[in-house]
Amino acid sequence: MGSYQGVIFDLDGVICFTDKYHYAAWKTVADKLGIEFNETINNRLRGVSRMDSLEIILEKYDGELTAQEKEALAEEKNELYKKLLERMSPADLSPEVKATLDALRAAGLQLAIGSSSKNTKFILQRLELGGYFDAISDGTNITRSKPDPQVFLMAAEFLGLQPEKCLVVEDAQAGIAAAVAGGFDSAGLGEAAQCGQATYAMKTFAELTGICGAIPAKA
Ligand code: B16
Ligand code: MG
């Protein structure tokens, strides 16, 4: 525990908050199919891949859909979602998050993203964080989604570090389970802090400076 050389950040729910856009896009698709979709179901989609998210939504659907029809629905959702992401700007990056990232980097830690999202690079560009991270492992380079540890193991590999030298930061229970399965320590926010599996349960993002031994920067 401790003396980390790298920190691997989940994106949605940790660096930024795209929940409302995922919700709006899935809601449009669910309404079209005439099925119930609410915040409780949306919460189950955190950290889960696009196709796995669709399967969760379709639990409420009576009919049968072909693989091709499911692909089309996932594609439709993604187009709606990407349109909404265009509204994001650097103002959506909280000063606390940016100051903490800068403090960790100043302390010599390598920083990576470990996200299920295939839109990771677009979101980082919207936040003007394209090029900021030392490595990006996301939905475009994995074949298995969280709670499988693949996304974090690849992030550590891209950084050239062993899992025990990296801390994973997550907001989803599936993400903490992935970190545990990969042999990583983890720091949880929100639901991930409450699940009892995270190495550190955090109330604020800025607590990372203490966990990683960095000097806190003023937000
Ligand atoms: P996309 P994370 C995840 O990102 C989201 O939490 C989850 O709700 C979403 O379904 C998944 O990315 C896939 O996103 O459709 O953009 O590929 O939390 O792992 O950063
Ligand atoms: Mg997340």
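By class, the lining of the second largest pocket comes to 5 nonpolar, 4 polar and 5 charged residues (Ala, Val, Leu, Ile, Met, Phe, Trp, Tyr, Cys and Pro count as nonpolar, Asp, Glu, Lys and Arg as charged, and the others, Gly among them, as polar). A pocket here is an open set of points on a 1 Å grid over the protein atoms alone, where a 1.4 Å probe fits, with protein on both sides within 12 Å along at least five of seven lines; lining residues have an atom within 4 Å of a point. Gly13, Val14, Phe17, Asp171 and Leu189 lie nearest the centre of this second pocket. This is a predicted model, with local features needing pLDDT of at least 70 and side-chain atom pairs pLDDT 80 or more, while totals for chains, interfaces and linings use all residues. Residues are numbered from 1 along each chain as its sequence is written, chains are lettered from A and ligands numbered from 1 in the order written, and side-chain values use heavy atoms, leaving out hydrogens and water.

As for the largest pocket, its space is the one taken by ligand 1 (more than half of the ligand's atoms lie within 2 Å of the grid points). Its lining runs to 32 residues, with Val48, Ser49, Arg50, Ser116 and Ser117 nearest the centre. That lining splits into 7 nonpolar, 14 polar and 11 charged residues.

Turning to polar contacts (pairs of N or O atoms within 3.5 Å), an oxygen atom of ligand 1 sits 2.7 Å from a polar side-chain atom of arginine 50. The side chain of aspartate 10 has an N or O atom 2.9 Å from a ligand 1 oxygen, and leucine 45 brings a backbone N or O atom to 3.0 Å from one.

Note on methods. Polar contact = N/O pair within 3.5 Å; in protein donor to acceptor, adjacent residues only side chain to side chain.
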